[in-house]
Amino acid sequence: MRIFQTAALIFGCLLAAPSFAQDEDSIFRDYKHLRSVLDKNMMQRNMVDVMRAFGASDEMTPEQLTALEKRVRGIFSRDFTNVDVLRSDNMGNGWKQELYAYWNGASYIYAYVLMHDQGDRVNAIHFKFNTAFAALNENF
């Protein structure tokens, strides 16, 4: 059953999350602000909020976002207690991509952000999350 739930989550995330974020929701004061919003929402499994904050919700209806959060909460019954940056690539001229792991015990979820630091703000250009490490690690 867990394999089916994980497959459904992966499929749903891959369809919804790869949108490119270009609206005000994906703009942060600085890197620290970006990370505080990302980490708080991912660790608390607030997928509606993280998808909206990172501009990845524009291709989903409110009902689809709610269903996505419900699936994540069904797969991961407890909030995550740990976070690490697994990969970070400073690409130059303010561009950076990072891969994060959130976990609790043996339960892991991963998030990927492509960002652009413009000095006075950081734009989250691309955001995805997945339960499969390889699906996000291939961005590097």
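Modeller: A residue is called buried when its relative accessible area is under 20%, exposed when that area is over 50%, and partly exposed in between. The model we discuss is predicted.

Biologist: Why is Asp79 counted as partly exposed?

Modeller: Asp79 has a relative accessibility of 33%.

Biologist: Where in the chain do Arg45 and Asp79 lie?

Modeller: Arg45 is in the loop between α2 and α3 (47–53), and Asp79 is in the loop between α4 (62–75) and β2. They are 34 residues apart, and the pair links distant parts of the chain. Arg45 has a relative accessible area of 8% and is therefore buried.

Biologist: How many salt bridges does the structure hold?

Modeller: There are four. One of them joins Asp39 to Arg35, with the closest N and O atoms 2.9 Å apart. Both Asp39 and Arg35 are buried. The two residues are four residues apart in helix α2, so about one helical turn separates them.

Biologist: Why are Lys96 and Glu98 called buried, and what makes them a salt bridge?

Modeller: Lys96 has a relative accessible area of 17%, so it is buried. Glu98, at 3% relative accessibility, is therefore buried as well. Their closest N and O atoms are 3.2 Å apart, and this distance falls within 4 Å, so the term salt bridge applies.

Biologist: How do you know what span to expect of helix α2?

Modeller: The expected span is 1.5 Å times one less than the number of residues. Helix α2 has 13 residues and reaches 18 Å from its first C-alpha to its last, close to the 18 Å expected.

Biologist: Which residues of α2 are buried, and what do they pack against?

Modeller: The buried residues include His33, Leu34, Val37, Leu38 and Met43. The buried residues of this helix pack against β1, α3, β2, β3, β4 and β5. Asn41 also lies in helix α2; its relative accessibility is 7%, and therefore it counts as buried. Leaving aside residues up to four places away in sequence, Asn41 touches Asn46, Asp49 and Val50.

Biologist: In what order do the strands of the sheet stand, and which are its edges?

Modeller: The sheet is open and has five strands in the order β1-β5-β4-β3-β2, with antiparallel pairing. Its edge strands are β1 (27–28) and β2 (82–92), because each pairs on one side only. Helix α2 (residues 31–43) packs on this sheet, touching β1, β2, β3, β4 and β5 (122–130), and its direction makes about 30° with that of β3.

Biologist: How do you know that β3 is paired with β4 and with β2?

Modeller: Two strands pair if at least two bridges are found between them. Strand β3 (residues 95–104) and strand β4 (residues 107–117) are antiparallel over 10 bridges, and nine bridges join β2 to β3, which also run antiparallel. Both pairs therefore meet the criterion of at least two bridges. Gln97 has Leu114 in β4 as its bridge partner, and Val85 stands opposite Tyr100 in β3. In the hairpin of β2 and β3, with two residues between the strands, Asn93 takes a positive phi near 55°.

Biologist: Which residues have the most contacts inside the largest nonpolar core?

Modeller: They are Met42, Phe54, Phe127 and Phe129, in a core of 30 residues. The elements α2, α3, α4, β3, β4 and β5 each give two or more residues to this core. Another core, of eight residues, lies apart from it, and Leu99, Ala101, Tyr110 and Leu136 are among its members. In soluble globular proteins, nonpolar side chains tend to be buried together.

Biologist: What share of the protein chain is buried?

Modeller: Buried residues make up 48% of the 140 residues. The chain has five helices and five strands.

Definitions and conventions: Residues are numbered from 1 along each chain as its sequence is written. This is a predicted model: local features need pLDDT of at least 70, side-chain atom pairs count only at pLDDT 80 or more; totals for chains, interfaces and linings use all residues. Side-chain values use heavy atoms; hydrogens and water are left out. Contact means heavy atoms within 4.5 Å. Axes are lines fitted to C-alpha atoms, for helices over the stretch in contact, and angles run from 0 to 180 degrees between N-to-C directions. A salt bridge is a side-chain nitrogen of Lys or Arg within 4 Å of a carboxyl oxygen of Asp or Glu. Buried means under 20% relative accessible area, exposed over 50%, partly exposed in between (1.4 Å probe, protein chains only). A nonpolar core is a set of buried Ala, Val, Leu, Ile, Met, Phe, Trp, Tyr and Cys residues joined through side-chain atoms within 4.5 Å.
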